[in-house]
Amino acid sequence: MRLLPLISSDTLKSKMKVSLRGLLLWLLYYRQRKTRRSSPLFSDLLYSSSSHHAYARAVLQLGKVKILSQSFAYLMNNRIQGDYAEFGVYKGETLLEAISAAKVFEQAGMRFCVFDSFQGLPSIRSEKDIGVFQKGEFAFSYEDFMANLRKERVDLERLDIYPGYYEESLSKLNDERSFSFVLVDCDLYASTVPVLKYLEGKLVQGAIVAFDDWFCYDSPNKGVRQAVSEWLIDYKTIELIEYENFHWAGKAFIVNYRS
Ligand SMILES: C[S@@+](CC[C@H](N)C(=O)[O-])C[C@H]1O[C@@H](n2cnc3c(N)ncnc32)[C@H](O)[C@@H]1O
């Protein structure tokens, strides 16, 4: 005997689809009720323990890339020429970004001068440096730094690398450089003082000087900000015109020679 189906097979299929969809929706609803939230917050994704560190690093690096590309566009459009200097180069990540930006923004003649101990931060000797950074932080060897550059096939001919602690290495340097972009990324008051002294007479009119650690510390009387205010009192030849803030701690200025 052939049983007549109560419903056609098409209707059966569509009914099954509907109930499967219903089951899925119910499961989703149940999950949401369990987590007591209708949709995840964006910050849940950003600050979850596994991604927080990567996120914080990405924000910092993005800030540096932004100030680099903006400054290089400024240099190109205003026809300002000179070399690049980075005080505190660590693994070379920002240097690599600068080399790429120089290609895009037509800084063909730019040389890249980098200055680092390749042993991390020196010991903390000034009270204007107490509280945030520690001796040896950011230690990365010269050999590993060079390996990073080679991996990215950097043209080493365009690079000048000055290993050593600034307190010693910069005072011995007797070079005649003209910088159009300077990144001061050495964290400490005591490190920034010799850097600024070295820069006297080496910045071209309209150059950009970006301080990566401007808003570190809880007071303008510490760290990089203190070093710059002291420098500007002594070195009256120039003024620094505010240009741009970048990431949570950085600030960039345009150099203007007083007439
Ligand atoms: C935060 S890291 C630089 C990060 C790098 N600019 C980047 O964006 O990837 C700070 C660097 O400054 C260097 N540094 C700080 N004080 C120094 C000093 N007095 N002499 C030489 N190097 C110093 C450290 O060795 C370290 O590599």
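1. Tyrosine 84 stands opposite phenylalanine 112 in S2. The crossover from S1 through H4 to S2 is right-handed, of the β-α-β kind (clockwise from the first strand over the helix to the second, with the strands pointing away from the viewer). Helices (H or I, at least four residues) and strands (E, at least two) are DSSP runs, numbered from the N terminus.

2. A word on the source: this is a predicted model, where local features need pLDDT of at least 70, side-chain atom pairs count only at pLDDT 80 or more, and totals for chains, interfaces and linings use all residues. Residue numbers start from 1 along each chain as its sequence is written.

3. S1 runs parallel to S2, joined by 4 bridges, and pairs with S4 in the parallel sense over 5 bridges (pairing takes at least two DSSP bridges). Phenylalanine 87 faces valine 184 in S4. Of the 5 residues in S1 (83-87), 5 are buried (20 or more other C-beta atoms within 10 Å; 12 or fewer is exposed, in between partly exposed; C-beta atoms are placed from the backbone).

4. The ligand has 22 residues around it, and Gly88, Tyr90, Thr94, Ser117 and Ser191 are the closest (C-beta atom, placed from the backbone, within 6 Å). Helices H4 (93-104) and H6 (166-172) are the elements that each give two or more residues to this shell.

5. Phenylalanine 118 is partly exposed because it has 19 C-beta neighbours inside 10 Å; aspartate 187, with 23, counts as buried.
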